[in-house]
Each structure stands twice: as structure tokens, then as C-alpha cells.
Amino acid sequence: MPFHSGFVCIIGRPNAGKSTLLNTLVKQKLAIVSPKPQTTRNRILGIVNVPKQKGRSEGQIVLIDTPGVHKPDSSLGKKMMTEVHEALERCDLILLLVDAAKKPDPQDKFVHSLVKRSGTPVFLLLNKVDIIRGDKQKLLPLIDSFRASLDFKEVIPLSARTGDGVDVLLKEIINLLPSGPHHFPEDQVTDQPVRFMCAEVIREQLLFATNEEVPHATTVGIDQFEEKPRLTRIAATIYCEREGQKRILIGKQGQMLKKIGTAARLQIEKMLDHKKVFLELFVKVSPGWRNSRIFVEELDWRAQFNPLTILDSKS
Ligand SMILES: Nc1nc2c(ncn2[C@@H]2O[C@H](COP(=O)(O)OP(=O)(O)OP(=O)(O)O)[C@@H](O)[C@H]2O)c(=O)[nH]1
Ligand SMILES: [Mg+2]
């Protein structure tokens, strides 16, 4: 049987479980996950090599996790939606992920129109079936409501958290993808630089430790990343928008910042194969950064690697 390969985009509303699904499929934590909506801000690439099995061809799936589809009200939101559009532009298959434990939302229509416009084949994935009590028949009205506006090649109930249904999904993806070459070497899992993944791990701890506007008004920049044989030294700045947010982030006698720093350091050590990490965190106020196009562009690691991208998008 031929080798199958292609680009597969995970699309859906904020909080549907897209990043959880990416991590489950690549069997590694590549994307941060949180109960707060709009956790993911960039597209995140994850590569899955699928071995040959009875009734299934061998192949390579290049997954792209995307920010949750929403109507943007800031430069950051616009940039997040640009990431969604860019992911949609070059994919062979869309996985439209919905939280099956929730009722259909009027905002779903916005996702449907994006997906429909792309003209790309779509699978409907009904996520979080682990929390749907009783009969899965309950899913039928939900499926019907989605089918009313879109055609799906497959409809698959699954749990990104427990992995239930994921094997069926992999098989159907491989069956749909065209025959093609490896797009990435077998031992590569992502294209994200470690520096960026560290910033994300710190941001994940911010999402867990803070509430209301604070997690949305913060971002993280890595100022120093120095790998020595026995120690990796990292200095990072947490940017927020207001003095009040800075006070919360630092906490009484620096307790909050310490808590975030310790939790992030432990996660980063795990990511760096248990190498010792020295992590220093600073907090700075950058008023209204979410509405600064330049600030938001500078956060994008892809643009940092290829500054021409920034020039293009600013022109
Ligand atoms: N019970 C259950 N919870 C899930 C499942 N998948 C994801 N979650 C939870 O749903 C929440 C959101 O998960 P994410 O993976 O961050 O969702 P997302 O779609 O990437 O969200 P954004 O990045 O904000 O668009 C987290 O609390 C996850 O633990 C699932 O299959 N079952
Ligand atoms: Mg996400």
C-alpha cells in the first residue's frame, strides 16, 4: 500500500479541546491546555508518523492546532484569526472539533462559514464524550444540527482527554490523505523552537494561577536562553497591561511570581529531559499591548525567524 501524507488542520471554537487532541495524537505535550478560552494564540505544528497496520496504510500526518475561532476585538485577536486562516490555506483535511457536552452556539455558524469557504474535506469530531452521561444517542440531534450547514466526510465521537476514539480517527485520516512523501523527518515532532515552548509553559502557569482579565492581558517573552552542560539559564518577562495586574502577578511578598516560576521551572525541566533549569521571571507593564500590532507581531516566533514576514504584513 502507498505511503499517505498531508496537512491536517484542527479547527473549532475556543475551549473545544483542540490542543488536547494535538497532544494526544502526537503523544507528547506540544501545546498548552487550560480551562480558560483562547489559550492557544499561534498555530502549532505536530507530526504523527502512523505505522502500517491491518486495514490501514502507513503515513505521516502533519497536524496544525489553531487558536479558537472567535470575532476578534484587538490586534492580538486579529493575529490569532490570521493564524487560523493561514492554517486553513494549505491543508488537505479539516478536523472540526466541537465540545459535544455543550449545546450548539450561535457562534458555531462563524466557524462553519470559514470551513465551508475553504472547500477542504471536513471530519466532524464530537469531543468530550467522556463527560456525556448515558446514551451516545444524545449526540444525534447535535450531529443533525451540524449536518444542516456542512457536509462531513466522517463524523467521529471521541475523547481527546482519554484517547477514546483516537485510533478510529487516525485510520480515517490516513485513508483520506493522498499518497505522498514524508514532509518531515521521522524523528521530528514539531517545528516550534524550545525557547517559544518555554514561554508557553510559563504562560500556561499564568493561566492556571490568575483569573478574570489577567490571563488574557498577559504574555511572555524570553530574554535569555543559555544552555550550559549542567544548567539551562532562562530569563523571561511577563508583560501585562496595568499596574493592578502587575501587583496581582507579583503577589504579596512576591509569592505569586514565585509560585508561577516554580511550577513553570518544573515543567521546563521535564521538557528538557530533566536537565536543571534556573528560571528568572520579571513583570513589566506594557499598556494596551494587545492592541499594538507591532508588539503582537514581535511575539510571533515565525516572524522572528523570518523578519521579512513582518515587513510583508506591516506593509
Ligand atoms: N472531559 C474532557 N475535557 C476535555 C477533553 N478535551 C479537552 N478537555 C478540557 O477542555 C479544556 C480546554 O482544552 P484545550 O485543549 O485547551 O481547548 P482548545 O480548543 O485548545 O482551546 P483554545 O486554545 O482556547 O481554543 C481543558 O480544561 C481540557 O482539559 C475531553 O475529551 N474530555
Ligand atoms: Mg488550544
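Visitor: Before we start, where do the domain bounds come from?
Guide: Domain bounds come from an automatic or database domain assignment, and what we are looking at is a predicted model. On that basis the protein chain is divided into domain 1 (4–176) and domain 2 (194–314).

Visitor: How far apart are the C-alpha centres of the two?
Guide: The C-alpha centres of domain 1 and domain 2 are 27 Å apart. Across the boundary, 10 residues of domain 1 are in contact with 14 residues of domain 2, and the side of domain 1 that touches domain 2 consists, by class, of two nonpolar, six polar and two charged residues.

Visitor: And the largest nonpolar core, which residues have the most contacts inside it?
Guide: That core has 72 residues, and C9, I11, L95 and L96 are those with the most contacts inside it. Helix α6 (residues 194–209) supplies the largest share, eight residues. Because domain 1 (4–176) and domain 2 (194–314) both give residues to this core, it lies between them.

Visitor: Staying with L96, what is in contact with it, leaving aside neighbours within four places in sequence?
Guide: With those neighbours left aside, L96 is in contact with I11 and G12, with V111 and V115, and with the run V122, F123, L124 and L125.

Visitor: New topic: which residues come nearest to ligand 1?
Guide: There are 24 residues around ligand 1, and G17, S19, T40, G68 and R161 come nearest. Helix α1 (residues 18–26) gives the largest share of that shell, namely three residues.

Visitor: How do the residues of that shell divide by class?
Guide: The shell around ligand 1 has eight nonpolar, 12 polar and four charged residues.

Visitor: Last one, P121: where does it lie?
Guide: P121 is in the loop between α3 (108–118) and β5 (122–127). Not counting residues up to four places away in sequence, P121 touches L93, K153 and L176, while P121 and E154, 33 residues apart in sequence, are separated by 9.4 Å in space, C-alpha to C-alpha.

Visitor: Why is P121 called partly exposed?
Guide: P121 has 15 other C-beta atoms within 10 Å, and a residue would need 20 or more to be buried, or 12 or fewer to be exposed, so P121 falls in between and is partly exposed.

How values were computed
Residues are numbered from 1 along each chain as its sequence is written. Chains are lettered from A and ligands numbered from 1 in the order in which they are written. This is a predicted model: local features need pLDDT of at least 70, side-chain atom pairs count only at pLDDT 80 or more; totals for chains, interfaces and linings use all residues. A residue is near a molecule or strand if its C-beta atom, placed from the backbone, lies within 6 Å of it. Helices (H or I, at least four residues) and strands (E, at least two) are DSSP runs, numbered from the N terminus. Ala, Val, Leu, Ile, Met, Phe, Trp, Tyr, Cys and Pro count as nonpolar, Asp, Glu, Lys and Arg as charged, and the others, Gly among them, as polar. A nonpolar core is a set of buried Ala, Val, Leu, Ile, Met, Phe, Trp, Tyr and Cys residues joined through C-beta atoms within 7 Å. Two residues are in contact if their C-beta atoms, placed from the backbone, lie within 7 Å.
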